[in-house]
Amino acid sequence: MKGSTEEITTGHGHPPLNTVKVRRRTPLNRMFAAVYLAGALALFYHHARTLLSFTTISSFLIRFSFLIADIVLVFMWSTTQSFRMRPVIRREFPENLKRVLQNSDEFPGLDVFICTADPYKEPPLGVVNTALSVMAYEYPTEKISIYVSDDGGSELTLFAFMEAAKFAGYWLPFCRKKKIEERCPEAYFRSNYAYCSETEDIKIKYEVMKQRIETTMERGKVGDEYVTKEEEREALRKWTCKFTRQDHPTVIQVLLESGEEKDSSDSLMPNLIYVSRQKSTASPHHFKAGALNTLGLSFTLVYILKLRVSAIMTNSPIVLTLDCDMYSNNALTPQHVLCYICDPAMDPKLGYIQFPQRFHSLNKNDIYASEIIPLFLSNPAGMDGLAGPSYVGTGCFFCRRAFFGPPSSMVVPEIPELSPDHLVDKPISSQEVLALANNVAGCNYEEDNNWGSKVGFRYGSLVEDYYTGYHLQCEGWRSRFCQPDREAFLGDVPVTLNDVLSQNKRWSIGLLEVGFSKYSPVTLGVIAMGPLMALSYAHYAFWAIWSLPITIYGFLPQLALLINLPIFPKVSDPWFILYAFLFMSSYTQDCIEFVLAGGTLQRWWSEQRMWLIRGVTSYLFGSVEFSLKCLGFPTLGFNVTSKVVDDEQGKRYEQGVFEFGVTSTMFVPLTMAAMINLVSFFHGVIEISRGRRRMEEWFIGMFIAGFVMVNCWPIYEAVVLRKDKGRIPTKTTIISAVLVFALYTVASFTSL
């Protein structure tokens with residue numbers, strides 16, 4: 001395939017199921033990469049010359065620090081270029097599926113894994129809406145099985161899904177009859193839906209379900225008046241005084257059984273199964289990944305458990321993993337997947353199809369850059385032109401076979417019922433099936449077998465989604481990036497800066513665990529996947545080392561301004577042109593890529609600002625915590641990001657106002673950077689206006705301080721101008737000011 005010519009992946013003479021073409025800007029990307037690399041090499045030559053001409057120890061240390069910073073910047077830039085060497089655009093044609101699938105019996109089964117961990121941070125009503133949205137897929141309902149993995153082991157979550165099972169009997173036929181696109185009830189009823197008596201009747205039923213779930217959450221227990229069936233009472237009796245979050249038996253509850261349950265239109269219902277894995281204080285738990293291999297796979301940490309349970313109960317050849325707040329926004333999403341899986345000409349090594357994460361609750365300018373367009377849109381399209389995108393933890397359809405070793409040699413599981421080829425021929429509620437499902441969900445089941453190492457989701461990192469996808473591609477599996485015109489999934493975003501940074505810190509630690517392991521992309525990745533795919537994975541694995549150049553450039557030029565130490569070329573120096581080119585061209589390319597991926601200039605500004613903020617907060621603290629972990633010091637464990645939004649916080653977020661509020665150590669270096677850049681910039685302005693310094697000599701340092709200062713406006717606002725609860729705490733401001741003064745004092749003494 002050359003240039004931008006379209007490539008049809010189905011046989012000649014038939015309507016295509018999918019097409020692919022290379023983006024037209026690819027040759028320009030390659031030319032720019034060559035020119036920029038030449039500039040980077042020239043910069044290293046300049047660094048070498050200046051290092052040899054140092055006059056004081058402080059000037060040597062500062063220049064050496066900039067050399068290290070620029071080496072990291074160039075390395076990370078090179079990893080970014082791997083996404084731009086062959087980006088592609090794919091298109092699917094679900095309307096042509098009738099050529100290969102004649103009737104509903106020929107549609108492959110679909111197991112959906114939805115994970116939740118804490119009913120108070122991940123409200124059950126939101127999880128219920130996610131489940132209902134995929135239960136209502138435009139797909140043979142008897143082929144769909146929903147597995148809800150409750151790693152918190154909460155009766156509140158089970159009760160919520162008991163209510164959801166009842167409501168689904170009305171919601172699913174309503175969606176089919178009205179052919180509505182918005183099949184998440186909460187999203188549909190807050191939209192401009194067409195009014196009619198039938199719609200209002202469904203809305204009343206939804207409000208009743210919602211009121212029962214929310215009332216139960218407020219009480220903290222399930223009221224007897226809400227439990228009307230004996231099987232429901234029997235299920236809830238398992239929550240005894242000895243049943244705790246960290247110590248309880250396996251709970252597998254079949255809430256809906258296809259073939260046995262029918263909706264209000266007398267059509268078959270999908271399977272709906274609640275699963276809470278066994279936990280014991282005497283056994284370790286692998287965060288969410290442990291819950292995935294028993295049911296299957298969902299987001300980063302809870303899914304290993306589901307894979308085994310689903311294999312015993314339904315063993316569908318296709319598995320969808322979903323985060324609990326990532327509801328379906330496109331009822332035809334499975335058909336887009338089948339355009340690849342059912343394509344007779346498709347690569348037999350196809351392991352999974354990844355959809356982008358998109359969000360419904362972003363404010364106008366996306367102030368926290370939660371959309372993460374590079375991670376979820378631009379970079380996957382670039383990897384798709386190589387061997388395929390990485391797995392991002394949600395919105396991913398897997399071929400079950402991919403979890404059982406390389407394409408060329410399947411790893412045979414310890415019992416035949418777990419094999420991807422096993423045909424389930426017994427009802428899911430039969431005693432034999434439930435007994436075996438409970439057995440494979442035990443907390444000690446994975447001892448002395450391949451689960452988590454060679455089979456299923458992989459243990460070894462906090463970011464088990466990235467780690468699992470990386471291992472699958474190293475084994476030889478390929479993937480596809482699917483981006484239909486109507487977003488497949490929509491999710492929530494954190495509305496406080498602390499939640500955003502804490503989430504990023506967790507990712508940073510997990511990614512570094514992979515980057516500095518024996519499975520590192522720069523070692524195993526190069527051998528198994530080739531240099532470009534290895535660089536793509538290295539971009540994420542070493543994400544956190546952005547903290548080094550960002551912190552250096554956020555503090556050292558400013559200290560140099562304060563202590564009168566020139567470290568950059570003058571404007572009249574030819575080397576100034578090189579600095580200007582490297583900065584402006586990289587920022588311009590990044591902006592163009594962002595806008596072409598569907599972003600706006602305002603959101604691009606938020607993206608680059610958050611990149612700087614993460615550099616001195618989550619990336620920095622993630623790197624430090626990873627280093628301490630390697631040295632054997634205790635560190636914080638996994639913490640679920642809260643999906644609960646305070647009304648005032650939500651209001652400020654909608655207005656585009658940063659939410660600080662809490663006293664966080666991560667806010668200290670951020671506030672320090674804002675202060676030192678402000679002081680150094682105005683110090684430079686005063687010195688130049690008085691004629692003590694020449695602008696030509698200090699332009700680059702002044703520009704850096706001014707650029708950082710502009711990006712720090714939300715911090716200045718939160719320190720000085722705001723009086724609401726979301727401002728930066730006074731304690732943080734005082735500590736930051738003291739540390740900035742201490743830093744200046746040390747720099748002043750070393751310059752003598």
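1. Ground rules. The model is predicted, so local features need pLDDT of at least 70 and side-chain atom pairs count only at pLDDT 80 or more, while totals for chains, interfaces and linings use all residues. Residues are numbered from 1 along each chain as its sequence is written, and side-chain values use heavy atoms, with hydrogens and water left out.

2. Aromatic pairs. The structure holds 62 of them. Rings of Phe, Tyr and Trp (its six-membered ring) pair if their centres lie within 6.5 Å; planes under 30 degrees apart are stacked, over 60 edge-to-face, and the rest tilted. Take Trp171 and Phe189: their ring centres are 5.9 Å apart and the planes meet at 55°, so this pair is tilted. Trp171 belongs to helix H4 (residues 155-178) and Phe189 to helix H5 (residues 185-189), so the pair ties together parts 18 residues apart in sequence. Helices (H or I, at least four residues) and strands (E, at least two) are DSSP runs, numbered from the N terminus. Both Trp171 and Phe189 are buried. Buried means under 20% relative accessible area, exposed over 50%, and partly exposed in between (1.4 Å probe, protein chains only).

3. A ring cluster. Ring pairs also join residues into a cluster. Its members are Phe83, Tyr466, Tyr470, Trp507, Tyr537, Tyr540, Trp543 and Tyr619.

4. Charges over rings. Arg308 lies over the face of Trp451, 5.1 Å from the ring centre. The charged end of Arg693 sits over Trp698, at 4.6 Å from the centre of that ring. The test is NZ of Lys or CZ of Arg within 6 Å of the ring centre and within 35 degrees of the ring normal.

5. H19 against H23. Two packed helices are described by the angle between their axes and the distance between the axes. Helix H19 (residues 601-615) packs on helix H23 (residues 695-711) at an angle of about 110°, with the axes 10 Å apart. H19 and H23 are therefore roughly perpendicular. Axes are lines fitted to C-alpha atoms, for helices over the stretch in contact, and angles run from 0 to 180 degrees between N-to-C directions. Angles under 35 degrees count as roughly parallel, over 145 as roughly antiparallel, 65 to 115 as roughly perpendicular and the rest as oblique. H19 brings Trp605, Gln608, Arg609 and Leu612 to the contact, and H23 brings Phe707, Val710 and Asn711. Contact means heavy atoms within 4.5 Å. The residues in the contact of H19 with H23 are four nonpolar, two polar and one charged. Ala, Val, Leu, Ile, Met, Phe, Trp, Tyr, Cys and Pro count as nonpolar, Asp, Glu, Lys and Arg as charged, and the others, Gly among them, as polar.

6. H19 against H20. H19 also packs with helix H20 (residues 618-630). Here the angle is about 30° and the axes are 4 Å apart. H19 and H20 are therefore roughly parallel. Trp611, Arg614 and Gly615 of H19 meet Ser618, Tyr619 and Leu620 of H20. The contact of H19 with H20 has three nonpolar, two polar and one charged residues.

7. Positive phi. Most residues other than glycine have a negative phi. Asp366 is not a glycine, yet its phi is positive, about 50°. Asp366 lies in the loop between strand E11 (358-359) and helix H11 (373-384), and it is buried at 2% relative accessibility. Asn564 also has a positive phi, near 60°. Asn564 is in the loop between helix H17 (547-562) and helix H18 (574-596), and it counts as partly exposed at 46% relative accessibility.

8. Sequence distance versus space. Thr56 sits in the loop between helix H1 (26-51) and helix H2 (57-81). Thr56 is partly exposed at 29% relative accessibility. Thr56 and Thr750 are 694 residues apart in sequence and 9.1 Å apart in space, C-alpha to C-alpha. Gln602 lies in helix H19 and is partly exposed at 46%. Its C-alpha is 8.7 Å from that of Lys364, 238 residues away along the chain. Arg237 is in the loop between helix H7 (230-236) and strand E6 (251-256).
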